[in-house]
Amino acid sequence: MSSNIERITIFKMDIKDIDLLLKSFKWHVKSYYSCSSKLLEINDLLQGGAKSPRFKDRNEAKYQKGTVIYTNNIPELLDEEEKTNKELKFHKFAIDKVHTLILNITFDDLKLIEKYYWYGMTHQKIADQMCLDVSVITKKINKIISNLHSCAMKIRL
């Protein structure tokens with residue numbers, strides 16, 4: 001019985017949730033690419049791509065300038081790879097949610113949302129750029145968000 005209730009609450013998205021999802025989209029994209037490059041580095045280390053420089057003694061290397069001692073601890077690298085994969089999936093899930101939502105709006109609405117959420121422009125700057133009143137921009141953005149909310153409810157996002 002409780003699992004049915006949990007399933008229902010997962011699909012309840014408020015307008016504030018849509019707003020938060022759009023506000024965090026840029027962060028999710030940057031974090032996704034950061035995780036991807038981190039996974040490439042970990043994969044390179046696991047494949048043996050990073051080699052430590054040659055030196056006679058470990059203690060001697062501590063005092064040499066510019067000498068980096070690489071310790072390829074495989075279990076730590078595998079743990080880090082697993083954590084990074086989970087983080088990557090989390091960001092991918094959020095990005096996919098936004099992509100699913102924006103498929104349901106027009107190109108002009110998408111450009112307006114992009115200016116507001118991606119580039120962080122204020123309503124005033126957007127209004128000045130589009131030669132419109134601030135209240136018109138505010139109404140348009142609110143209308144777009146409510147349309148996205150209704151689309152999210154239809155597809156149970």
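Tutor: Let us begin with a term. A pocket is an open set of grid points where a 1.4 Å probe fits, with protein on both sides within 12 Å along at least five of seven lines, and its lining residues have an atom within 4 Å of a point. Please keep in mind that this is a predicted model.

Student: Why use a probe at all?

Tutor: Rolling a probe the size of a water molecule over the atoms shows where empty space is left.

Student: How much space lies in the largest pocket?

Tutor: The largest pocket holds about 180 Å³ of space.

Student: And which residues line the largest pocket?

Tutor: Its lining consists of Leu22, Phe25, Val98, Ile102, Leu110, Ile113, Glu114, Tyr117 and Trp118. By class, 8 of the lining residues are nonpolar, none is polar and 1 is charged.

Student: Which helix supplies the largest share of that lining?

Tutor: Helix α6 does, with 5 residues. Both α5 (74-102) and α6 (107-118) supply at least two residues each.

Student: Changing topic: at what angle do α6 and α7 pack?

Tutor: The angle between α6 and α7 is about 140°, and their axes are 10 Å apart. The two helices are therefore oblique to each other. Their crossing is right-handed.

Student: Which residues make that contact?

Tutor: From α6 come Leu112, Lys115 and Tyr116, and from α7 come His123, Ile126, Gln129 and Met130. This contact of α6 with α7 has 4 nonpolar, 2 polar and 1 charged residues.

Student: How do the axes of α7 and α8 cross?

Tutor: The axes of α7 (residues 123-130) and α8 (residues 134-155) come within 8 Å and cross at roughly 110°. Helices α7 and α8 are therefore roughly perpendicular to each other. The crossing of α7 past α8 is right-handed.

Student: Which residues meet there?

Tutor: His123, Gln124, Ile126, Ala127 and Met130 of α7 meet Val134, Ile137, Thr138 and Ile141 of α8. In this contact of α7 with α8, 6 residues are nonpolar, 3 are polar and none is charged.

Student: What about α2 and α8?

Tutor: The axes of α2 (residues 15-23) and α8 come within 9 Å, crossing at roughly 105°. That makes α2 roughly perpendicular to α8. On the α2 side, the contact involves Ile15, Ile18, Asp19 and Leu22, while α8 contributes Ile145, Ser146, Leu148, His149 and Ala152. The contact of α2 with α8 has 6 nonpolar, 2 polar and 1 charged residues.

Note on methods:
Residues are numbered from 1 along each chain as its sequence is written. This is a predicted model: local features need pLDDT of at least 70, side-chain atom pairs count only at pLDDT 80 or more; totals for chains, interfaces and linings use all residues. Side-chain values use heavy atoms; hydrogens and water are left out. Axes are lines fitted to C-alpha atoms, for helices over the stretch in contact, and angles run from 0 to 180 degrees between N-to-C directions. Helices (H or I, at least four residues) and strands (E, at least two) are DSSP runs, numbered from the N terminus. Angles under 35 degrees count as roughly parallel, over 145 as roughly antiparallel, 65 to 115 as roughly perpendicular and the rest as oblique. A crossing is left-handed if the near helix is turned anticlockwise from the far one by less than a right angle, and right-handed if clockwise. Contact means heavy atoms within 4.5 Å. Ala, Val, Leu, Ile, Met, Phe, Trp, Tyr, Cys and Pro count as nonpolar, Asp, Glu, Lys and Arg as charged, and the others, Gly among them, as polar. On a 1 Å grid over the protein atoms alone, a cavity is a set of points where a 1.4 Å probe fits but cannot get out, and a pocket is an open set with protein on both sides within 12 Å along at least five of seven lines; lining residues have an atom within 4 Å of a point. Grid points are joined across faces, edges and corners, and a volume is the space filled by probe spheres set on the points.
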